[in-house]
Structure formats: C-alpha cells, structure tokens
Amino acid sequence: MDKDRLAALLQESQVPDTQNIKAVTAELQKNYYSSPECLLLLIEIVATHADINVRHLAAVQAARLAVKHWEKIPKSQKPAVRQHLVQATMNEQTPRARHANARLVAAIAALDLEDGEWTELIPALFTLTTSNEVSQREVGSYIIYSLLEENPTAFGDHIQKLLELFSHTLRDPQSADVRINSLMSIGAMLLLFEPLEDEQSVEMLQALIPAMVDVLKDAVTSGDDEKIGHSFEVFQQFLAYESSLLGKYLKDLVQFMIDLAVNKQADEDVRSQALAFLAQTVRYRRIKIQGMKDMGRELTQKSLLILSEIDDDEDDDSMGPARSALALLDQLASDLPPRQVIVPLLDALPKFATSEDPGYRKAGILALGTVVEGAPDFIASQVKAIMPVAINLLNDPDVGVRHTALIGLARLADDIAEELSPFNEAILTSLFKNLQAATEPTSDEKLAKKNVEIIRSVCGALDSMSDGLDPLFLQQNAVELIQSIGALISHDDYKIKVAASGAIGAIAECLGSEFKPYFEQTMQALGAYLTIKDSEDDLSLRSGVCDSIGRIATAVGPEAFQPYVVDLMRSSEEALHLDNTRLRESSFILWSALAKVYEKEFTPFLPGVFKGLFESLKLEEEEITLQLTEEEKNIVGTQSEVITGGKKIKIKTDEDDDGWMDEDDDDDSYEDFGVSMEALEKEVAIEILGDIITYSCGPQEITEYLEKAIETISPLAEHSYEGCRKAAMSTLWRAYARVWQLMEQETGTSWEPGLPLKQTPTTTLVKLGEIVSKATLALWNEEADRSVVTEINRNVAATLKACGPAILAQGDFMKEVVTVISTIITRTHPCQQDLGDEDEAQEEVEGSSEYDWLVIDTALDAVIGLAVALGPAFAELWKIFEKPILKFAASESENIERSTGVGVIAECAANMADAVTPYTEKLLKLLLKRLSDTDPETKSNAAYATGQLIYNSTDSNTYLPHYPTILQKLESMLQVREARIKDNAAGCLSRMILAHPDQIPLGDVLPALVDLLPLRDDYEENSPVYQCIFKLYENHEPTIQQLTPKLIPVFESVLSPPADQLDDETRELVRKTVFLLYNASQELFANNVEVLKLAGVQ
C-alpha cells in the first residue's frame, strides 16, 4: 500500500471538483480505507506530511477508522504507533490539526483502555497538563477533553483527581486554551457524577463554578466567539443533569446571565446566548427558579427592558437580544406561576404603553401578546384593564407601534378571543382605521412596505378573533367589512391575498348562516385560486384559500355548499401530489371540515381521504448529509444536524472525507435537533384521521378502514416528536369511543357503571381496547412532555364518561390508571419534575404555571371519569385520591386549586351516590368553610358540592344539624351573579329540599328559589330544581301552589329554545308538571297558552 499515493489522494479530495472527488472517494474506499494498514499509513502522514491540510484530513480519517481497524494492528506495533502519534501531536503547531490529532489519540485510547491497555496514558496526561511548558499543557488538556468526550468512563476512577487538576488549569495564567479546554472537559464529564453516592466530588465540582464563570467572562472580554460558544455550551450541559451539580450556584449563574443580557455594551450575540441560557434554565429548572425569591419578577422586568430595544426594521428571523428576550418571556409565562410573571408585566404595562419612546410602547404590547399563550386564564381575568391600553396602541401615531399592536392583538385573540367580545366595536373601529391608512397610496418605499405588513396584520387580527366577534354586532357591519376585506383578495401581494382569505373565513365562521348573502360572490373570488400551481407563492395562496373555504362550508351548511363539494375534493386530492407540505395539510383540514358538515354523507369520498392520510403517515423522515466548514456550522448553530426543507440533515465538518460513511456508524448517535416537516404533516394527518373516524365512519367504514388506521397510528405514539405522540394517543382513544358509540347504536343499549361489566363489548372493541390501553401505559407513566400527558388525561377522562368502565377491564389497566393519576395529582410525575431530578423529591413551591396546573386539572377530570364509570364502586378508589384532592380544596394560596378540588368532590359525591356516606363528616367540614370562600368560583362549587353530598349521603345525623348554617350561607349567594353562584345555590337548595323537605322553612325558601328562575348560566342545575318542584306539587305543598302564577312563565321559558336548557329526563318532568297543573286547573293557563303547546298538552 503506497503512503505517498494515499497522501496525494487526500490532497486531491480537497479540490472542489465534484467528478474528481467522486473518483478519489471511490479509490480511497476500495484500495485504502478497507485495510488495517491504511490506519498506520494515515498516522504516518499525520506525523510527517508537510501540508497542514493533508495532515489534518489524515487525522480525521484515522480517528474514524480506528474503531474498525485498531484491534487488527499487531500488539507488538502498537506501543511505537502510540508514541509516534503522541509525539506528532506535541510537535503540531497548528491548533486545528493539533485538535484533530488529539481526537485521534482519544479514539485509540478509548479502545485501548477498554481492553486494559495503554494504562500509562492517563497518568501521563495529568503530568503533561501540569507541565511548565504552555504548549504541553494545551496539548494535554485538549487530549483529556477529547478522551472525556470519546469515553468519559475512562476517567471513572479519577474524578476527584481531574477536579483537583481543573481547579488549577481553569485559572491557567498563560493560556486561554488551557482554560477553555478545562471548562469543556468539565462539561464532558458531567455524566460521571452520582450526587447521592459521591457528595464530595459534587462539592469539588461546585467549588469550580466561579472559576468556570471567569472563563466565560474572559472569553467575552477578549471577543473570542469560538470560546464564548464553547463556554455557553458547557453551562447549557449542566441543565441536562441533576440540579445538585450546580447547587447553590444556580442562582448566582442566573444572576450573572441576567446582568450580561441587559449589558448594552456587550456583543449582541453574547447577550442573545445569555438570554437563551436563561430560557433553557426556566424550562428545565422551573421548580428551582420558582423557588428563588423575586427571580421570576426580575427576569420578566429585565426581559421587558431588553425587548424595548426592538428595531422596527428588525428581521423576524433575527434572534438579536430583543427577540431572544421575547422568547424568554414566552418561556417564563409557560413555566412559572402568573403571579411571578404576568403580575409584574401588567404592573409595568401602563408605564411602557405611555412612554414617549416607541420602543417601550412596542415592548409592552408585544410582551402581552407573547405571554397570553402561557397564561390565558389569568390574562382573561385582567382583560378589562388590558384592552383600553391595547386599543390606544392600535391608534398610536407611530406606524411601527400600530403594527406591533396589531400583532399583539392577534396573539391575544388566539387564546382569549371570547373575552374580547365586549370590546368588538372599539377593536373593529381601530382595525378599519389602520386598514384605510395602509391602503392610501404612497411614494415612500419604506412606508409602502410597512403598509403591506399593516394590511396583513389587520387581516390576521380578524382571523384570530373569529371566536370573539359578536355575531349581532358583526351583522351590522358585515357589508362594509366584507367589501373591504374582499377587495384584498385580488391584491397584487400574494401574502395579502392569503391573509385576506383567512379573514374572510373567520368572518364567515362568526356569521354562520348569516354569511349566505355573501357566499356566492366570495366563492367566485376564492375559487380562482383553487387550481393555481405554477410557483411556491401560488401553492401558499392555494393553501390559505383552501383553509378559508373549509370555514365557509361550516358557516353556510351542507345544502348551500353542496354544489362546490365535488370540485373542491378533486382540487384537494390533486394538491396532495404538488410536493407542498402546507398544501397537503390544508387538504386534510378541509376534509375534516367537510366531514363535520356532511357526516355520513361524506362517505363517498372516504376511499380517497383514507388513501391520502395513510400515504402521509407513511412518509419517511429522510436524512441526508451536509458538509460544512466551522464557520458554516457556527451560522447553523449546531454541531450535529439541522432540519431544513422537511429533511433531517446530518452535519459533517470539513474534517470528514467527502462521500464516505462507515457502514458501522450508528444513526442513533445523532441527537434530534428539530422537527421535520414530515413529522409536522403526520401530526395534522393523525388528528384529521381522528375527525374522519368520529364524524363520517359508520359500521361498514369501521370494518373497512379501522384496522389499517390503528396499525398505522399505533407506532406513532412512540414518535420522537411530541406532537405526533399527542395526536396518536388522541386518535386511538377517539377511535375506541366511536366504535363504542356505534355498538350502542346498533344494540340499543347503554353502558352501566361498575365492574364486573354489565354489558359485554364486541370482539372488535376488546381488541381495540387492548391496543389503546397498551399504547397508553407504554407512554403515560414516563412521558416527560406536559402536553402529551395532558392530552392522555383528557382522552381517558372523556372516554370513561362516554363509554363507561369497559376499557378499565383490560388486564391491569385500572390499577395502572389509578397509579399514574396519583403521581400526577401529587406532583411526582416525570413531566412535573425539573430535568434530571425525576428521582428526587421536589421542593414545595406555591402555585404553578397554567400549563403545569392543566396537567393536574385534566388528571382530576380523569378521577371524575373513574367515578362516572364505576359509580358507587368508586368509593374504594376515593380512599386513594381523597388526601390530595382535599389538599387542593383546602389550599389557602391558590384559588384555582380550591375551586377545582371542591368541584371534583362534588362530581365524585354525585357519582358515588350513597357510597359517599362514610366520608360525609370530613367532606362537610371542608365544604362548610368553602361556602364562605372569598373566591366566587370556589364558593359556587361549594354550593354544588354541598347539595350533592346531602342528596346522596344517608348520614343525616351528621349533616342535618348544619342545615340552618347552610341555608344562611346560601341566602347570601342568591343575589350574586358571577361564577354561576345563583344557579348552584338554587341547585343546592333543591337537593336539600328533596332530601329533607321537613327540615326547610319552605314558606321562606321557595319564593326566593322561584325568583332565581329560569336559570341562565348552569343548565345542569335545572335537573334538581324541576325535580324538586314536581315533588312539591305531587305532595300538594301549599307554598309552591301559591307560586304557580310565577312558575308558568318559567316553564314556558325552559321548554322554549335553547334546547340545551333541559336534558331529556328533566324536559319530561317539566311537561308532567304542566300536565299536572292543567288537569288541576285549566284557568291557570289562560294567559299562557304557548306553554301548553310546548308541553304537548294541546
């Protein structure tokens, strides 16, 4: 084998000639890389060749080949080869090549040390790194780093010795390289630490943190971008391991990063990296940050200040300090309690919104629009104070501020649209003004560009507000609004066309059938874009129009939309083959809309629909390899891979040979660094598949498509992307619920609560239940993503309520369900822990973010689902859940915990029926206190729960003595309109009367009760109210007889629309009451003939 020819080939491979590179690569693979001798030749080239680039490439290739060929090198040769290589590394003067050599040493050493060879290397490295010669310390420290990165366990017996070494080398007075090498080495050795087993090593590590911070400071001061990047990366690595590794220094580190981020004198990239570290810390150490006094407040306030630096011309994709601060605010709102983030933000908002500096005004509204997604409930509760500020900014004299305000409004509307309804007039007036100003002709190119953004943002705001637009108000302004927006559909800018299409769809969605006068003209305008396909812009526009038309179909209904269905389905199926992911997703979403509109009538289209969805779910998430220089890697921002154009691209450096990939390379070693377009498309396809099964599949379609659907979806429950996992779990559960629903329709029976089952499921349901329960348990217990756990909780709860206990009979599923729910409601589930601290007890903190509470809230709903499915048998499980639920109900710091806890008690008591009796005393004691709660929602739920407890419990000796106290507390609620208090008080009174009418002063109570009718907010409470009234009439109670003239108009009201005022059973009871009164005295209805028609008397 010719060494000179090998060197020449390496040199040729660096010439940018594609054909030549292919030829060289082929010869290298065929004649050299397959032979162990090649490894020795490469090492010789590393040691002797004159060309730095050749030496460097030889070292890179040798490191890759070492794992394949080193064991085949004769043992007698190895000592000399090792010595030769180490000496070459010591002699190498160019840092890039020296680092490649060090990695080659590490690659060989990792193999040797596993075999018990080259044991003298590690002591030699310690000696080398403490040498008086700077160059030797630099080489030694980098080899240590390379070996730790290659195989950290090689130093498993030397942890404390390494830490002692680093205590000196981190402060090397002569070499910044030694200092950064030591810092990177610490990052590479973090997985060696076992905090519970080796506290001394952890303490030694923590003692190094100040010196590590100094290395970062030095890098920042010197402006060395590479060292800055390495330093931040090490501190990021700490977040992946147990929080005890940073210990008390976490707070100091966070404070340092805050100070660095707000320092306008620092480089923008450095500030952005500091903010990125803070965002990651909030994400992965949310419990720790929450426990630091005033830290959430300071992070919020400093982020606002940095955000005020935002430039009106800043690129949306630029991650400068301002946009990095926005990302941090988003993370804060998602992971910390509202009182730590939203409260300080709202405190600062008036000052920011009225500042003379436009940057501050932009920062205020942009921050508000950003945090609403993480805390929608809290923001909604403050909307009366927020919206006047937002509306003022929509009318700001500065066009940049107005544009930002429109963006902020759209983001608010995305999450709390309904709460914006009272402000419709002011909002729409502001939107019209902005639209009119932006459509005025101008010769100013900068303003013209901004006007385009304004127009798009106005449309975007309307699109987002669809759920919050008051239909009556919109009808009054429909002509002007539809004309103004409709005119934009033919605008020259395709992005404006897309935005206008979305706005039209939103308007139609809000108006419903009232959109019909504008329907034909709108379809003509939009229809022209349903077949365009000449460019990516065309496909984007076609996608937006397709989305809009789906909403229009929902608005106008099946009959009006019928003429367009066939052509639209043809267009959507063609769109699947135009190689545009977003357009395919739009086709899927359209199918979902049409399935909901037409239900079983959509069946003729199902073959094409299922074919398209199945093809999407089989998409391969393709990997390709990209060669980048160090500079390009820095631009991309990752050393491993990047997602672009829907493809996962593995990154090769220029250290790697062109086109060569070892067949033994393990793809799993590459860490996912993003989400592919294919994965995002699959998420949509899975969700739509659930819609199609739910709305359009009858028994025949279930037989034809279900098995393949389940086979396709089930593996995706383990997908690396949480969106796919979440969608897969939801669709599996929805499929089960649909098959159960069809079985009940076919048999004409309904499930009954309790185990063993009183109704035998079909073979299909048993098999499907086995698949669903198995997939759920494989994920639910260990899932770290909150949104996935929340989705599983929701589906378990909904299915138990709709389908009963059958799924619980699958093996040990009920036992496992109880276990998982218990971990969630005691806040010990993996998704509720800081990363790396899953096995440690978490410190007690007050409150939680809304996302964190949603995990618990949905788990509590699953508890209710169990109660519904099991009925009285749930009383045994209550023993397990009682303590955490009562803890929530007794919370003194969080209103949401109390109100939810009390609500769960109410539902569980209702479903346990008389099996709740043993728990009467403990529950009543708590509920009596909550009846006087300062929080309206808790007080309302307490009234509901008290009524349910009294109605279902047989322990009258316990609750009857408290009747006077309860009545006194209810009396004060009868005039309170918020939080359904009046309705729940009415329900409570009715249940108390039903349980013990002899214990109620009916002459005083019934007039007050009748004055509350008809109920306006909580129709569920109509059931006990009219049951109570009927019983009283049956028993000829005199007070209720006297109140008949007042009750007859009430009966007419509840028998009239809306139909959901009464369930079927209660409606029949009201009809019986009317019959009873009519038969007793027809004269009572002389002035209320309509009620007789509604009741079916006439």
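**Figure 1. Buried residues of helix α3 in the predicted model.** Cys38, Leu39, Leu41, Leu42, Ile43, Ile45 and Val46 are the buried residues of α3; buried means under 20% relative accessible area, exposed over 50% and partly exposed in between, with a 1.4 Å probe and protein chains only. The model is predicted, and local features need pLDDT of at least 70, side-chain atom pairs count only at pLDDT 80 or more, and totals for chains, interfaces and linings use all residues. Residues are numbered from 1 along each chain as its sequence is written, and side-chain values use heavy atoms, with hydrogens and water left out. The buried residues of α3 pack against α1 (3-12), α2 (18-33), α4, α5 (78-91) and α6 (95-114). Packing here rests on contact, which means heavy atoms within 4.5 Å. Helix α3 covers residues 36-48, and its 13 residues should span 18 Å at 1.5 Å a residue; the expected span is 1.5 Å times one less than the number of residues. The end C-alpha atoms of α3 are 19 Å apart, which agrees.

Figure 2. His69 belongs to helix α4, which runs over residues 52-69. A polar atom of the His69 side chain lies 2.7 Å from the backbone oxygen of Tyr33. A polar contact is a pair of N or O atoms within 3.5 Å; within protein, one must be able to donate a hydrogen and the other to accept it, and residues adjacent in sequence count only if both atoms are side-chain atoms. With neighbours within four places in sequence left aside, His69 is in contact with Tyr33, Ser34, Ser35, Pro36 and Leu39. Of these, Leu39 is also one of the buried residues of α3.

Figure 3. Helix α26 comprises residues 494-511. Its 18 residues should span 26 Å at 1.5 Å a residue, and the end C-alpha atoms are 26 Å apart, which agrees. Of the 18 residues of α26, 14 are buried, so the helix is largely enclosed by the rest of the structure. After α26 comes Gly512, which has a positive phi, near 60 degrees.

Figure 4. Leu541 is placed in helix α28 and is buried, with a relative accessible area of 3%. Leu541 and Lys495 are 46 residues apart along the chain, while their C-alpha atoms are separated by 7.4 Å. Apart from neighbours within four places in sequence, Leu541 is in contact with Tyr494, Lys497, Val498, Tyr529 and Ile532.

**Figure 5. Contact of helix α28 with helix α30.** The axes of α28 (residues 536-556) and α30 (residues 581-598) come within 9 Å and cross at roughly 10 degrees. This makes α28 roughly parallel to α30. Axes are lines fitted to C-alpha atoms, for helices over the stretch in contact, and angles run from 0 to 180 degrees between N-to-C directions. Angles under 35 degrees count as roughly parallel, over 145 as roughly antiparallel, 65 to 115 as roughly perpendicular and the rest as oblique. On the α28 side, the residues are Leu539, Arg542, Ser543, Cys546, Asp547, Gly550, Ala553 and Thr554. They meet Arg582, Leu583, Ser586, Ser587, Ile589, Leu590, Ala593, Leu594 and Val597 of α30. The residues of this contact divide into nine nonpolar, five polar and three charged. Here Ala, Val, Leu, Ile, Met, Phe, Trp, Tyr, Cys and Pro count as nonpolar, Asp, Glu, Lys and Arg as charged, and the others, Gly among them, as polar.

Figure 6. The peptide bond from Leu755 to Pro756 is cis, and its omega is near 0 degrees. Pro756 sits in the loop between α35 (722-747) and α36 (763-780). Leu1013 and Pro1014 are joined by a cis peptide bond with omega of about -5 degrees. Pro1014 sits in the loop between α47 (1002-1011) and α48 (1022-1034).

Figure 7. Arg827 is not a glycine, yet its phi is positive, about 60 degrees. Arg827 is in the loop between α38 (813-825) and α39 (850-870) and is partly exposed, with a relative accessible area of 28%. Ala913, a residue other than glycine, has a positive phi near 55 degrees. Ala913 is in the loop between α41 (895-912) and α42 (920-930) and counts as partly exposed at 23% relative accessibility.

Terms used: Helices (H or I, at least four residues) and strands (E, at least two) are DSSP runs, numbered from the N terminus.
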